[in-house]
Amino acid sequence: MGKTKHTGPIKLDTSLKPSLWAGLMPMGLGKIKPHHIRDTMKVVYDNRDNLPYAYRILTQGVCDGCALGVSGLHDQTLTGPHLCTTRLNVLRLNTMPAIDPKWLENVEEMRKLNSTELRKLGRIPYPLSRKPGEKKFTRITWDDALQRIADKMKAVDPKQIAFFLTARGITNEVYYTAAKAARFIGTNNIDNASRICHSPSKTALKRSVGIGASSCNYKDWIGTDVLVFWGSVAANNQPVSTKYMYAAKKAGTKIIMINPYREPAMEKYWIPSIAESALFGTKIVDDVYQVNIGGDIAFMNGVMKHWFEMEDERPGSAIDLKFVQEHTNGFAELKEHVQRQDWALLEQSAGVSRERMLEFAKLLANANSGVFVWSMGLTQHRFGTDNISQVANLALLRGFLGRAHCGLMPIRGHSGVQGSGEMGADPFSLPGGEFDEKTVQRIEKVWGFELPKWQGDIVGVSLENALLPDQHERKTRVFYTSGGNFLETMPNPDFMKQCLENVELRVHQDIIFNTSTLVDAKEEVIVLPAMTRYEQPGGGTSTSTERMVYFSPEIEGPRIEEARCEWQIYVDLASRVRPEKKHLIAFQTAEQIRAEIAVANPNYDGIQHLKKRGDVFQWGGAWLCEDGICPTPDGRGNLLAIEIPELRKPEGHFYVTTRRGKQFNSMLYSDTDPFNGADRYDVLIHPEDANSLGIKDGEAIVVYNEYGTFHGRAKFATTRQGNIQVYWPEGNVLIPKGVYERYAGIPEYNTAVIVEKAETFHAHKDTKYVEKRIAELETEIS
């Protein structure tokens with residue numbers, strides 16, 4: 001991996017620099033922007049019944065929001081305190097009391113509430129059961145609940161059992177124990193929340209440069225020549241990162257955004273913890289390249305095509321030839337592939353002109369260092385893995401890897417999810433390796449039992465398998481989920497509901513109710529109350545985007561009396577399924593789990609020493625692929641020729657993608673997006689596109705295709721023409737079911753749609769009109 005160690009946080013330059021100011025109006029008065037003081041006061045009010053405990057969580061625990069890795073109020077990037085509204089919004093999950101039992105008596109009343117309202121009812125108080133036709137939840141004992149689950153698991157084929165773990169504050173200890181318990185029970189059907197966010201990042205980075213995580217640190221942003229955000233709105237999803245962007249701007253870094261929409265949060269931001277920025281705001285990005293939804297591969301091929309032309313004119317002017325020759329494979333094949341590309345096709349697919357591609361190509365060619373950051377704008381496509389390998393191609397051709405101020409960073413939006421696959425809670429992974437013969441044999445020696453050898457399914461397939469015929473060996477009969485709300489995270493909610501209803505026994509291990517919890521099951525739904533990470537006996541660890549493994553201690557405070565630590569639940573369950581072998585999984589303490597993790601995953605050697613507040617170590621060193629040496633079989637990175645994907649948008653129709661507002665995953669905290677003033681049912685559309693359809697700003701419109709219909713309002717915005725955006729999860733009704741990226745299995749979250757004025761749509765109430773329009777769409781696509 002790397003030999004250089006992270007040197008710790010640096011001091012923030014707080015000297016005044018008026019050239020970076022967003023404006024002269026103090027506090028951005030009159031601007032559409034987050035109101036940090038007001039939001040903070042609301043959080044204080046919401047937690048008023050447990051303020052001392054809330055304060056201890058913020059000052060002693062590791063953030064359970066995004067994966068920047070803030071321990072207490074400090075991180076490893078900049079000195080000084082760091083706190084953001086995302087963390088404050090999530091805080092109430094940890095401090096609220098149990099739900100009033102009256103709600104448990106009437107499921108129909110609960111079903112009238114959305115997930116935001118359900119969340120506010122309070123914590124799950126004790127184990128609960130509900131069978132088909134029952135109008136209420138019935139309280140049961142832990143012993144009864146776990147024995148029912150164990151008996152059902154013993155009665156079915158292990159291939160008919162599936163586990164899922166969300167990223168909701170879950171610790172490495174829980175991921176590891178769940179991964180071990182699933183294999184102990186006999187199933188490889190275990191998956192985690194990265195399946196719908198960064199699974200293509202891991203898959204692509206593995207094949208391109210041999211790593212499954214960020215190659216660099218947040219510190220590398222500060223002072224790099226070019227910092228590129230690709231399909232990532234870090235200012236919204238990881239607000240503390242704006243402080244790093246501010247520091248980078250002060251150090252002379254150029255920040256570039258590549259996105260179909262000119263995200264206001266990335267253009268100007270008022271950083272509340274920096275006086276200058278809080279008063280006058282900060283201009284963040286220096287330039288924006290508005291690509292089509294799905295047009296990134298063509299855009300990057302265009303950039304490389306310019307580089308090869310520049311090289312033909314003057315060798316060494318665009319590509320780091322020494323790095324390429326010493327540290328990469330596939331250069332000739334990539335060059336031949338890119339040079340064959342037609343400029344007209346590249347421009348059409350990318351939505352960006354040849355001249356603009358040249359500007360970006362020259363910017364990178366003239367930079368001595370660069371960091372590429374991306375998120376779901378690149379990953380949530382049926383070609384997500386190819387998107388990320390293209391980014392890796394750019395980094396390898398420029399030698400932006402394995403040294404200071406350079407690197408590839410899939411920025412994580414959830415504090416625990418980086419560790420999920422590294423702990424083996426993944427159908428394609430085991431602790432410290434892939435699900436291959438060598439790793440299986442190694443883990444069998446560590447665990448002391450034989451692992452199932454068949455390939456497990458991703459979570460979407462496991463859910464769909466509930467619809468298989470009864471006699472099918474892979475029909476999902478038991479689905480055990482630790483958190484997660486599939487009605488609001490997966491495409492096509494109606495189909496997901498059908499899948500959930502067809503599972504015989506569904507187990508929801510969680511801290512709160514959501515809409516998925518209330519869906520019927522064929523035989524029984526069992527709900528188990530889980531502890532938060534701050535309640536976990538012996539503390540717990542989480543892994544940040546930059547591979548920092550942080551220890552978060554158990555924090556004194558009120559408890560939900562019957563809530564149990566999640567790793568203890570998995571141990572108890574597995575022991576009941578195979579009591580004759582229970583000694584092989586009988587963890588007694590969190591310290592025992594960390595000691596075994598250090599053996600099972602050699603990268604995590606050091607986790608066993610994390611014992612007290614503030615303890616942290618970084619696996620892999622400051623830079624993975626240091627000095628250009630990749631952990632691939634031959635030590636070289638792989639340049640890959642990536643084909644331009646077919647973008648199925650017929651003339652007169654639109655690409656649509658989903659976006660995030662004021663929310664954390666599917667948990668909404670406001671109906672209004674604080675950065676553009678849009679509400680959850682606004683459709684972001686370019687004014688000229690709207691005008692061509694006779695649509696006015698704020699007018700009711702209908703967006704539809706063969707998969708579903710979305711009723712909303714037009715919101716004029718600086719989107720790329722021909723592209724619209726809807727909020728997630730509300731817009732998931734438009735997204736096709738069962739479309740998964742072929743390498744990493746992430747669902748497709750983009751598609752083609754028709755946009756019409758609502759009055760036009762409703763004037764043709766005969767559904768044959770919609771069918772005809774969709775048929776036209778399909779004909780034009782084919």
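Q: Which helices and strands each supply at least two residues of the lining of the second largest pocket?
A: The model is a predicted one. In general, rolling a probe the size of a water molecule over the atoms shows where empty space is left. Here, the second largest pocket takes at least two lining residues from each of helix H8 (199–209), helix H20 (418–422), strand E13 (429–430), strand E14 (433–434) and helix H21 (437–447). Its volume is about 800 Å³.

Q: Which residues lie nearest the centre of the second largest pocket?
A: Look for Lys202, Lys206, Gly432, Gly433 and Glu434, out of 39 lining residues. By class, this lining holds twelve nonpolar, 17 polar and ten charged residues.

Q: What is the volume of the largest pocket, and what lines it?
A: The largest pocket has about 990 Å³ of space. Its lining is made of 35 residues, and Asn114, Ser115, Thr116, Arg119 and Leu668 are the ones nearest the centre. At least two lining residues come from each of several helices, including H1 (36–46), H3 (85–95) and H5 (115–120). Helices H23 (486–489) and H24 (493–501) are also among them. The lining divides into 13 nonpolar, nine polar and 13 charged residues.

Q: How many cavities of 30 Å³ or more does a search of the whole structure find?
A: The search finds seven. Take the second largest cavity as your example: its volume is about 380 Å³. There are 27 residues lining this cavity, with Gly231, Asn259, Met376, Gly377 and Thr658 closest to its centre. Helix H9 (234–237), helix H18 (376–379) and strand E22 (654–659) each give two or more residues to the lining. Sorted by class, the lining of the second largest cavity has eight nonpolar, 15 polar and four charged residues.

Q: Now for helix packing. At what angle do the axes of helix H16 and helix H17 cross?
A: Two packed helices are described by the angle between their axes and the distance between the axes. For H16 (residues 343–350) and H17 (residues 354–365), the axes come within 10 Å and cross at roughly 85°. Angles of 65 to 115 degrees count as roughly perpendicular, so H16 is roughly perpendicular to H17.

Q: Which residues make the contact between H16 and H17?
A: On the H16 side, find Trp343, Leu346, Glu347 and Ala350; on the H17 side, find Arg354, Glu355 and Met357. This contact consists of four nonpolar and three charged residues, with no polar ones.

Key:
Residues are numbered from 1 along each chain as its sequence is written. This is a predicted model: local features need pLDDT of at least 70, side-chain atom pairs count only at pLDDT 80 or more; totals for chains, interfaces and linings use all residues. Side-chain values use heavy atoms; hydrogens and water are left out. On a 1 Å grid over the protein atoms alone, a cavity is a set of points where a 1.4 Å probe fits but cannot get out, and a pocket is an open set with protein on both sides within 12 Å along at least five of seven lines; lining residues have an atom within 4 Å of a point. Grid points are joined across faces, edges and corners, and a volume is the space filled by probe spheres set on the points. Helices (H or I, at least four residues) and strands (E, at least two) are DSSP runs, numbered from the N terminus. Ala, Val, Leu, Ile, Met, Phe, Trp, Tyr, Cys and Pro count as nonpolar, Asp, Glu, Lys and Arg as charged, and the others, Gly among them, as polar. Axes are lines fitted to C-alpha atoms, for helices over the stretch in contact, and angles run from 0 to 180 degrees between N-to-C directions. Angles under 35 degrees count as roughly parallel, over 145 as roughly antiparallel, 65 to 115 as roughly perpendicular and the rest as oblique. Contact means heavy atoms within 4.5 Å.
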